[in-house]
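I opened the model to look up a few side chains and ring pairs. My entries are below.

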Amino acid sequence: MSENMFSVNFASGSMNSDAILFQEQLKNVLEQKCNDPMFGVEQLTEFLKISRTKLNRITLELTGLSPGKLITNFRMNKAVQLLRENNASVKEVAWQSGFQRHAGFCRSFYQEYRCSPTRFRSLYIDKQSSTSFSWELPI
């Protein structure tokens with residue numbers, strides 16, 4: 001692979017086909033592994049077979065996020081989906097989303113969404129039952 005294989009041309013608003021392929025591979029790995037609390041940047045580099053430096057550069061180009069933040073955001077999105085779709089406890093949602101500790105999950109969730117996971121679920125359920133109010137999650 002050439003070093004500039006995954007270059008992104010933001011000026012024209014388009015990515016080359018290699019960048020799109022890499023983004024798909026990245027998404028597939030995250031979907032398969034994000035629920036593993038031991039999965040992190042090192043494991044991601046092993047799956048993608050690239051150096052940590054190159055992974056950092058590419059994810060910053062493609063998403064504007066570091067690999068660690070990208071993994072956390074992916075887990076948060078999964079947690080939001082689980083909170084919306086099932087009645088599992090917040091602790092179970094944390095575990096299913098790949099967070100090792102319930103407290104760490106709640107802290108990260110609050111930092112991202114400015115409410116606790118329990119409050120988010122109750123707000124979401126309240127908004128779903130109300131036909132006169134529309135609420136979108138700021139993702």
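The entries cover the set-up, the aromatic rings and one arginine.

Set-up. I worked on a predicted model, where local features need pLDDT of at least 70, side-chain atom pairs count only at pLDDT 80 or more, and totals for chains, interfaces and linings use all residues. Residues are numbered from 1 along each chain as its sequence is written, and side-chain values use heavy atoms, without hydrogens and water.

Aromatic rings. I searched the whole structure and found six aromatic pairs (ring centres of Phe, Tyr or the six-membered ring of Trp within 6.5 Å; planes under 30 degrees apart are stacked, over 60 edge-to-face, the rest tilted). Phe 109 and Phe 120 have ring centres 5.7 Å apart and planes at 70°, so I logged the pair as edge-to-face. Phe 109 is in helix 6 (residues 102-113) and Phe 120 in helix 7, eleven residues apart; helices are DSSP runs of H or I, at least four residues, numbered from the N terminus. Phe 120 is buried, with a relative accessible area of 0% (buried means under 20%, with a 1.4 Å probe and protein chains only). The rings of Phe 120 and Tyr 124 have centres 6.2 Å apart and planes at 10°, so that pair is stacked. Ring pairs join Phe 99, Phe 105, Phe 109, Tyr 113, Phe 120 and Tyr 124 into a cluster.

Arginine. I placed Arg 121 in helix 7 (residues 117-129). Arg 121 is in contact (heavy atoms within 4.5 Å) with residues including Leu 82, Asn 86 and Val 93, leaving aside neighbours within four places in sequence.

Conventions. Helix = DSSP H or I, 4+ residues; strand = E, 2+ residues; numbered from the N terminus. Buried < 20%, exposed > 50% of the residue type's maximum accessible area, 1.4 Å probe, protein only.
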